[in-house]
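The exercises below walk through a protein model one part at a time. Please keep the sequence and the three-dimensional view at hand while you work through each solution.

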Amino acid sequence: MAPRHAPTIRQRRFGAELRRLREAAEMSAPTAASLIGTDRTVISNVEAGRFGISEERLRRLASVYECDNDALIDALAEMTGVRKGGWWEEYRGKIPPGFLDVAELEHHAVRLRTVQTAHLPGLFQTEDHARAIFELFTPPIPRLEVELRVAHRLSRQSVITRADAVSYIGVIHEAALRMQLGGRDVARAQLNHLLVAGEWENVTLLVIPFSAGGFPLMGESAVLYAEAANPHLDTVHMDSPTGAVFIDAPTQLAHFRTRLDLAEKKALSPEESADLIHRIAREL
């Protein structure tokens, strides 16, 4: 099979988990390859996300690695074989690949948890608000790419509005709520949209007010924790000046869960959060 030149986050995540299973079995890649009758480069390429494998070969590998976590094996089995690309594939080559990876991560998640200190959550941004963000980039982004990024961001929002909508818990710092991106009218419309979204059954929006002081993750502008069907496959996404960063090491995931728990405890209740958003909107 031809190698993938640019594996998606889901493909890389699949490979990373297979590598962990092999390492937990204290087995080298050449040994694993010999036990399933293949070349060691196949194992390396699969673990890097460059090659896919069939469900049958996955289960053979799991047996070789003596993995008895049936739930994890079944979850990995769902990630094997040829899968039709999602709606985000139409943007490939037109906007940065990290944007597509985030959309794929959200699409397959069973629950999303976020902390936003400088920006409002992308899944709740209005068209005008999103456009105002992309127009701030330096150097400036060509107009066509701005519009493509806006369209992509709006399409991402389907994960919280579709029939099997994902559960979402978002922590937003008051500073992000007071940013008047695009002017007062755009900012007011954006806050009103947040108030509407906060009423949706699958959405919980929590605000950390200035009066709460410091809190975990306050130094990060945006953190997304995507919970998978099996917790071993959870992934964290963070923004950085050089692009998207994805984290899946078990120890780091545990640290992020703890910090998210603490940040949520620092926040106001959903009702108090809505009241604060409403007050800020009225001040505009």
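**Exercise 1.** In which sense do β1 and β4 pair, and over how many bridges?

*Solution.* The model is predicted, so local features need pLDDT of at least 70 and side-chain atom pairs count only at pLDDT 80 or more, while totals for chains, interfaces and linings use all residues. Residues are numbered from 1 along each chain as its sequence is written, and side-chain values use heavy atoms, with hydrogens and water left out. Strands are DSSP runs (E, at least two residues) and helices likewise (H or I, at least four), numbered from the N terminus, and two strands pair if DSSP finds at least two bridges between them. With this in hand, β1 and β4 are found to pair in the antiparallel sense, over six bridges. Within β4, it is leucine 224 that stands opposite threonine 114.

**Exercise 2.** How do α6 and α8 pack, and which residues make the contact?

*Solution.* The axes of α6 and α8 are 10 Å apart, and the packing angle is about 10 degrees; axes are lines fitted to C-alpha atoms, for helices over the stretch in contact, and angles run from 0 to 180 degrees between N-to-C directions. The two helices α6 and α8 are therefore roughly parallel, a label for angles under 35 degrees. Contact (heavy atoms within 4.5 Å) is made by Phe99, Leu100, Val102, Ala103 and Glu106 of α6 with Arg149, His152, Arg153 and Arg156 of α8.

**Exercise 3.** What is the volume of the largest pocket, and which residues are closest to its centre?

*Solution.* A pocket is an open set of points on a 1 Å grid over the protein atoms alone, where a 1.4 Å probe fits, with protein on both sides within 12 Å along at least five of seven lines, and lining residues have an atom within 4 Å of a point. The volume, which is the space filled by probe spheres set on the points, is about 840 Å³ for the largest pocket. Of the 33 lining residues, Phe99, Phe137, Arg153, His237 and Asp239 are the closest to the centre. Among the elements that each supply at least two residues of this lining are α6, α8, β1 and β4.

Conventions
Parallel < 35°, antiparallel > 145°, perpendicular 65-115°, else oblique.
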